[in-house]
Amino acid sequence: MRHVVLTGLVCACTFAIACGGPSGSAGNAQKTPAAPAIPDEITGVAHAALGSEGEPLAWGDLALTGNQQMLVVNRLHGDTSAQGDEIIFTRMTIAENSGGKWAQVLLCDEHLKNSLGYLAGSPNDRVTRWKLTFVKDPAKGLTLSLTPMDLGSPAKEKTIRVRWNPSVKRYQALVGGTDRFGGEIGSIEIIQRPLR
């Protein structure tokens, strides 16, 4: 009897592997790993920053400074982009936890700005929709690629790459296709109110 049960299990496992079960890969289909659970604190700060529709996309030591940061967006209604795809949004922020308090260090709403002003290379026109892709590099940290939409010409809708500048300790735009940072334009300030 034990031999029959064992033979049955071996046949079942062989069938599962051949059909693409946990260890198989029938038709090159692969399971997509489940998205990591979002900690309650991250969700709470995201909602404090951008309202109840604030969606955290990434969190951790994003700028490689030792401080925890999070990337949050208000996704455009109807956008169903998966993580890693281009995301269409109306507002975006990066919040940082410094000394136990969360505050915004980068804001992208109608304009792209940090605590000192508009980021170099960003459009003067008000932008109501943006496209976002981002990469977390273990050596350089988070790099955002932001493209303004609906500005009427491709020249105005050029992609702006943004990364943490360790020399000045804030997010700035990269100049063209280089790793050189541009400065800020104007003297607007994002509100440095605590988020939590």
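## Exercises on strand pairing

In this predicted model, strand E3 pairs with strand E7 (residues 130-137) in the antiparallel sense over 3 bridges.

**Exercise 1.** Find the residue of E7 that stands opposite Ile-87.

*Solution.* Start from the pairing of E3 with E7, which is antiparallel.

**Exercise 2.** Work out how E3 is joined to strands E2 and E4.

*Solution.* Step one: strand E2 (residues 68-75) runs antiparallel to E3, and 8 bridges join them. Here Gln-69 is opposite Glu-96 in E3. Step two: E3 and strand E4 (residues 101-108) are also antiparallel, with 7 bridges. Ile-94 has Leu-106 in E4 as its bridge partner. Step three: follow the chain from E3 to E4, and you find a hairpin with 2 residues between the strands. Gly-99 in this turn has a positive phi of about 65°.

**Exercise 3.** Explain why strand E3 is largely enclosed by the rest of the structure.

*Solution.* Look at residues 87-98, the 12 residues of E3. Of these, 9 are buried, so the strand is largely enclosed by the rest of the structure.

**Exercise 4.** Decide whether Arg-170 is buried or exposed, and list what it touches.

*Solution.* First, locate Arg-170 in strand E10 (residues 170-173). Next, take its relative accessible area, 18%. Buried means under 20%, so Arg-170 is buried. Then check its side chain, which reaches the backbone oxygen of Val-168 at 3.4 Å. Finally, leaving out residues up to four places away in sequence, Arg-170 touches Asn-114, Leu-116, Arg-163, Trp-164, Asn-165 and Glu-184.

Note on methods. Residues are numbered from 1 along each chain as its sequence is written. This is a predicted model: local features need pLDDT of at least 70, side-chain atom pairs count only at pLDDT 80 or more; totals for chains, interfaces and linings use all residues. Side-chain values use heavy atoms; hydrogens and water are left out. Helices (H or I, at least four residues) and strands (E, at least two) are DSSP runs, numbered from the N terminus. Buried means under 20% relative accessible area, exposed over 50%, partly exposed in between (1.4 Å probe, protein chains only). A polar contact is a pair of N or O atoms within 3.5 Å; within protein, one must be able to donate a hydrogen and the other to accept it, and residues adjacent in sequence count only if both atoms are side-chain atoms. Contact means heavy atoms within 4.5 Å. Two strands pair if DSSP finds at least two bridges between them.
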